[in-house]
Amino acid sequence: MTITTFKLNLGPQHPSTHGVLRLILELEGEKILSCEPDVGYLHRGMEKMAERMSYIQYLPLVDRIDYLAGFFYSELYCRIVEKALNIELSQRVKFIRVIMLELNRIASHLLWIGAFLMDLGAISPYFYAFREREMILRYFEKLTGQRMMYNYFVFGGIRRDIGYIEDIEEILKILPVKLNDYERIITENPIFISRTKGKGILTKYTALNYSITGVNLRASGISYDVRNTDYLYEGLKYKPVVLYSCDAWARYKARILEIRESVTLIKQVIEYLKSCSPTEQKPISPLNLKLPEGNYYGEIEAPRGMASCYVESVGEDRPYRLKWRTGSYYSVNLLRKLLVGNYLNDAIAIAGSLDIILPEVDK
Amino acid sequence: MNLLYFMYMEYLAKYNIPKLFGDITFYIIPFCIIALALLIIVLILVLAERKLLGYFTQRKGPNRVGYWGILQTLADAIKLLCKENITPKGVDRFLFNLAPVLVFVPTFAALGIIPYCAEFTFVNTSTNVILYLILAAFPILSIFLGGWASNNKYSLMGAMRSIAQVISYELPVTFVLLSIVVLSSSTNLTGITLAQYSRAGFAGWFIFPCIIGFVVMFVSILAELNRCPFDLPEAESELICGYNTEYSGMRFAIFYLSEYAMLFANSMFLAILFLGGYLSPFGGYISHILLGDSYLASILVYFEQVFWLFLKSALLIFIIIWIRATLPRLASFDLLKFSWSILLPVSIVNLLLVVLIKFGGLL
Amino acid sequence: MNIGEFWNIFEGAELVENRIILKDDLHKALQFALENYSFNLLKDITAVEKRDKSIDLTYHLYSVENDEDLLITINVWNEAESVIDLFKSAIADENEIYDMFGIKFIGNEYLKRLYMPESWEGFPLRKDYIQSDERLAWDDDNNV
Amino acid sequence: MKFIKAAINISDGLLTVFKHLFRKPVTLEYPEKRRELNNNFRGKLTVDGCIGCGVCKRVCPSGAISYEKNLNGKVLSYTFDLNKCIFCGNCKYYCPCGAISMTKEYELASANKKDLKLKYNIGVPEEENIKENK
């Protein structure tokens, strides 16, 4: 018997590729024989742009690397410049940054939960998750002026002191209740379990070999979290979420638990912020900002895996070379292996569970 | 119906119009009534689904066209009518155009054999139930035609899925129908309805002796209608739009409308089989209670019966929409497994139970 | 891990700041680090074009068990050894470097233009790259 | 046993969704009702009290700011091109004399691109500039 296979273009215009990812699948019936990801439909040349712009000009663009979690890349870039210029942040500024990062992480994970469930065909959790995310985005808008492109961190501090803390407290009060709601609809639902339990198993070895980091790695049983060694998080009690079942369900559950963990982190920070007085910092003069010669490297735990930035400076007012490492890029590469042997509708669940976002892939 | 037929023939005979003319027009006039009523009902159903899904997810649903968004579906229908009918390159033109035409035929036929009230069934054959069983599976043929002719891999996959789905869900339906036939000793839908009559109203409904059968039938009808959680043939997040990916304009509208027409027909069918059809749930009819045995009451009773039937089917449709709002989609493999390994045995057990109840002297 | 021990093994390797600079045998060095010191996570590969138009490839390795970082740098011109048999994540990194710098990785069959179209000429992150395709130039007056 | 557990879980989910049927919709009917914006909002730019130092041009990431000079090199007027502006707020933050401010106006769609080029003459009262850019 001869087996006929055919090629299927999944994307770039497809409801469940969350942007413009194109997967060239080779199918036999509905079984996937091979997968070839094709990216680049959203390439903006972030690295080349950096070489043409001054440090301060580049800062607002950094948010756009991942529009769902802009604070992380902003923080990463600020961190490198601060390291190069030997700027010491005050404890208050550090903790304000922690609040922003963790709120942004919650917003990003919430969106993922909604989108993932939408991929699986459930409608309600999508809208419920967006409702909670909207609260966070409205808070961001109040504080920073925009919903997604914040441009709130500046070299050596933050743009304006934090305010509206009662809003955050309300979010923290509501969020765990709503999370219980989601879990009642989703987590124990037998259909959801049959779609995710045991699907897309990412073993420890494969995860490391494909350079998967972040929640996906922690759901595979490896406790690697950059937050443990991050100087922003010093003095905060934090327990990394590690799950051992390695499948799509574990990746879902890990994100729910991460949101809960972030809530406890923010609570600790708010207690501190209430006890200390506001500080005012002066902006660094934009006119002569030059990094001393050398190379600088920074890492951060972004919602989609570890992000890092490498800057090589030759003493000019712009980087000689700037390189971003983003988590999603490696997740896309993982699809080559993870989808093979699965059926098409499991493939959607598996690809969705990795939390791929395309601006981060294409940079 | 027979009564109406004789009245009509007598009326024609008075004016010496040949019998043949009467025979023909007698079926054309009701057809027009159905067609018009169906269109209105479908428009209402589409709006109801969108509104309900909206309110389930804390939104308002369509609310711009007309008061409370009432004219939204009408506007959509007009928009689809005005749109260009695109026939993609490489399609099998004849089949591609035939499929949307064929899809409405079984729906109309199915509506013709449903007893709306005691004296109003368009075609009242003695084996209505079996006829219905055939007609309910018929739209799948045109879905397959459409998917096959589209020359699109997504369409073809959707069509293949729907065939597999209907074949596996037709068997449990047949066994449940058998148990209903056993209970009522009739293969006529009016007979089945009348067999459910009892003085205590809803106590005589077949849902009580045959509750397992009801659940099986409900699930199977969800599958046959391609409704969530069995909406695999069009699985938006996987197959874009399944079998009607390539259809546009009026052809798409016909597929879309037939889906809702079939939903309506099947929910009425379910109401007839298990919820007593047009019988009042209180035993006596409201018009009899209010107006006594007057001539007006004997006419109003027919309308009341239609009302009860529609109310029961509306309740079922509400549950179907509610399920759509909550549950994720099953995987195609699990779907077949669910039917063959759970629903089929359960429906056979149900048949045995019903036989025991009927002939074991329990009823 | 004692890095000094590591760079003694490879001839011509030297330690500058926190990174090991190799002359040759990149694949062997990475394999050595992976097998003997369990550096099992290749965080990324960074390419930097030097003034003399040669390219420095920096392999950033990480050991999850020991929580240690290791940087291995090698200077290449147009070709480099591929490490995709050791680290599958290198498929992505090498592909990106091929697309942006034009370095051919020998042994990597997945290489293709990734972000750029297949027909694109030039390698954008090279310092001598001039963006000259006038279709892409933003013209204020014609876009009103 | 497994079936009963599954049925309970599904009905639990169904009830949770059903609960939402009676809650107030969160939909905001946009053109009629609008969100409240506070003073931090980054919208359309306005200028008042500019000294012509040129810092905003140097920090603008998208090149949206340009200026006209007279023969002596003195800056006469600024043009903010909202077609290019990404509303990052850099110019406002780094302006040494606080001349740039961002309004709450965000509906900036226009049929003509030239409407979105805001020209501010230096040394002219604010009202006139605003009138000119309507």
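The following legends describe close-up views of a predicted model. Local features are given where pLDDT is at least 70, side-chain atom pairs count only at pLDDT 80 or more, and totals for chains, interfaces and linings use all residues. Residues are numbered from 1 along each chain as its sequence is written, while chains are lettered from A and ligands numbered from 1 in the order in which they are written.

**View 1. Helices α4 and α5 of chain B cross each other.**
Two packed helices are described by the angle between their axes and the distance between the axes. Helix α4(B) spans residues 93-112 and helix α5(B) residues 128-137; their axes come within 9 Å and cross at roughly 155°. Helices (H or I, at least four residues) and strands (E, at least two) are DSSP runs, numbered from the N terminus. Axes are lines fitted to C-alpha atoms, for helices over the stretch in contact, and angles run from 0 to 180 degrees between N-to-C directions. The two helices are therefore roughly antiparallel to each other, a term used for angles over 145 degrees.

**View 2. Residues of α4(B) meet residues of α5(B).**
From α4(B), P106(B), A109(B) and A110(B) meet Y132(B), L135(B) and A136(B) of α5(B). Two residues are in contact if their C-beta atoms, placed from the backbone, lie within 7 Å. The residues of this contact comprise six nonpolar, no polar and no charged. Here Ala, Val, Leu, Ile, Met, Phe, Trp, Tyr, Cys and Pro count as nonpolar, Asp, Glu, Lys and Arg as charged, and the others, Gly among them, as polar.

**View 3. Three strands of chain A form an open sheet.**
Strands of a sheet pair through backbone hydrogen bonds, either parallel or antiparallel. In chain A the order is β1-β2-β3, with antiparallel pairing. Two strands pair if DSSP finds at least two bridges between them. The edge strands, β1 (6-10) and β3 (31-38) of chain A, each pair on one side only. On average, neighbouring strands of this sheet are turned by 25° against each other, direction ignored. β1(A) is joined by five bridges to β2(A), residues 22-28, and L10(A) stands opposite L23(A) in β2(A). Helix α11 (residues 327-338) of chain A lies across β2 and β3 of chain A, at about 155° to β3(A).

**View 4. Strands β3 and β5 of chain D run antiparallel.**
Five bridges join β3(D), residues 75-81, to β5(D). T79(D) stands opposite K119(D) in β5(D).

**View 5. Chains A and B share the most contacts of the five pairs of chains in contact.**
Chain B and chain C, by contrast, do not touch, and their nearest C-alpha atoms are 25 Å apart.

Terms used:
Angles under 35 degrees count as roughly parallel, over 145 as roughly antiparallel, 65 to 115 as roughly perpendicular and the rest as oblique.
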